[in-house]
Amino acid sequence: MKIFVISDIHGSEYYLKKAIEAFKKENGDYILILGDELYHGPRNPLPKDYNPKGVVEILNPLKNKIMAIRGNCDSEVDQMLLEYPIMGDYTSLFLNEKRIFATHGHIFNKNNMPNVDNGDILIYGHTHIPLAEKIDGKYILNPGSISLPKENNPNSYGIIENNKFSVKKLENGQTFMEIVFE
């Protein structure tokens, strides 16, 4: 199974279209969205082609392929438009013998760890900064942001496949960060 991971769309129709093209090119099975889908939030600049309604129109036809959680910029009004659930603060998925704790990152993150065992995976967005490392026996992952990357990082997405997490440039699909789950 190949899970295509994105975070922090922030209403950018332009970058979401590019992400969906990458999802198709990657032959992904599912899309895991780590929150902040429709709105830019008051601390962020408007992303390129800011169009929350257009983002809804792109995502809803993919509703059977999407697993999503709520970001700090997502609200009940967003849920009224989206045809898949987004209001959970986290979800647990399983990859072979490992638990994946997926969340947005504004509550649980590498500095405020949820209850996960050694060898398990915490994946979150929120910071807009890609990350793939092992800390105290736990894997900490972040795909970065498709629309508003920070700290001079490229627009990016993640791939979970074959006991590996890769962060790739949205522009060309080139891997620039990777970790293998032992």
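Reply: Happy to! Let's start with a word we'll need a lot: buried means under 20% relative accessible area, exposed means over 50%, and partly exposed is in between, with a 1.4 Å probe and protein chains only. This is a predicted model, where local features need pLDDT of at least 70, side-chain atom pairs count only at pLDDT 80 or more, and totals for chains, interfaces and linings use all residues. Residues are numbered from 1 along each chain as its sequence is written, and side-chain values use heavy atoms, with hydrogens and water left out.

Me: Ok, so is Phe4 buried or exposed?
Reply: Phe4 is buried, because its relative accessible area is 0%.

Me: Which other rings pair up edge-to-face?
Reply: Tyr139 and Phe181 do, because their centres are 5.0 Å apart and their planes are at 75°. Tyr139 lies in strand S8 (residues 138-142) and Phe181 in the segment after strand S11 (175-180), so the pair ties together parts 42 residues apart in sequence. Both Tyr139 and Phe181 are buried. There is also a cluster, in which ring pairs link Phe4, Phe23 and Tyr157.

Me: New topic: where is Ser12?
Reply: Ser12 is in the loop between strand S1 (3-6) and helix H1 (13-25). Its relative accessibility is 0%, so Ser12 counts as buried.

Me: What does the side chain of Ser12 reach?
Reply: The side chain of Ser12 reaches the backbone nitrogen of Tyr15 at 3.1 Å. That is a polar contact: a pair of N or O atoms within 3.5 Å, where, within protein, one must be able to donate a hydrogen and the other to accept it, and residues adjacent in sequence count only if both atoms are side-chain atoms.

Me: And which residues is Ser12 in contact with?
Reply: Contact means heavy atoms within 4.5 Å. Leaving aside neighbours within four places in sequence, Ser12 is in contact with Pro47, Lys48, Asp49, Val55 and Ser147.

Me: Tell me about Ser147, then. Where does it lie?
Reply: Ser147 lies in the loop between S8 and strand S9 (156-161). Its relative accessibility is 6%, so Ser147 counts as buried. The side chain of Ser147 reaches the backbone oxygen of Ile9 at 2.8 Å. Beyond four places in sequence, the contacts of Ser147 include Asp8, His10, Tyr15 and Asn155.

Me: What about helix H2, how many of its residues are buried?
Reply: 6 of the 8 residues of helix H2 (residues 52-59) are buried, so H2 is largely enclosed by the rest of the structure. The buried ones are Pro52, Gly54, Val55, Val56, Ile58 and Leu59. Among what covers them are H1, S2, strand S3 (66-68) and helix H3 (76-81).

Me: What is the phi of His128?
Reply: His128 has a positive phi of about 65°, although it is not a glycine. His128 sits in the loop between strand S6 (121-123) and strand S7 (131-135). Its relative accessibility is 2%, so His128 counts as buried.

Technical notes:
Helices (H or I, at least four residues) and strands (E, at least two) are DSSP runs, numbered from the N terminus. Rings of Phe, Tyr and Trp (its six-membered ring) pair if their centres lie within 6.5 Å; planes under 30 degrees apart count as stacked, over 60 as edge-to-face and the rest as tilted.
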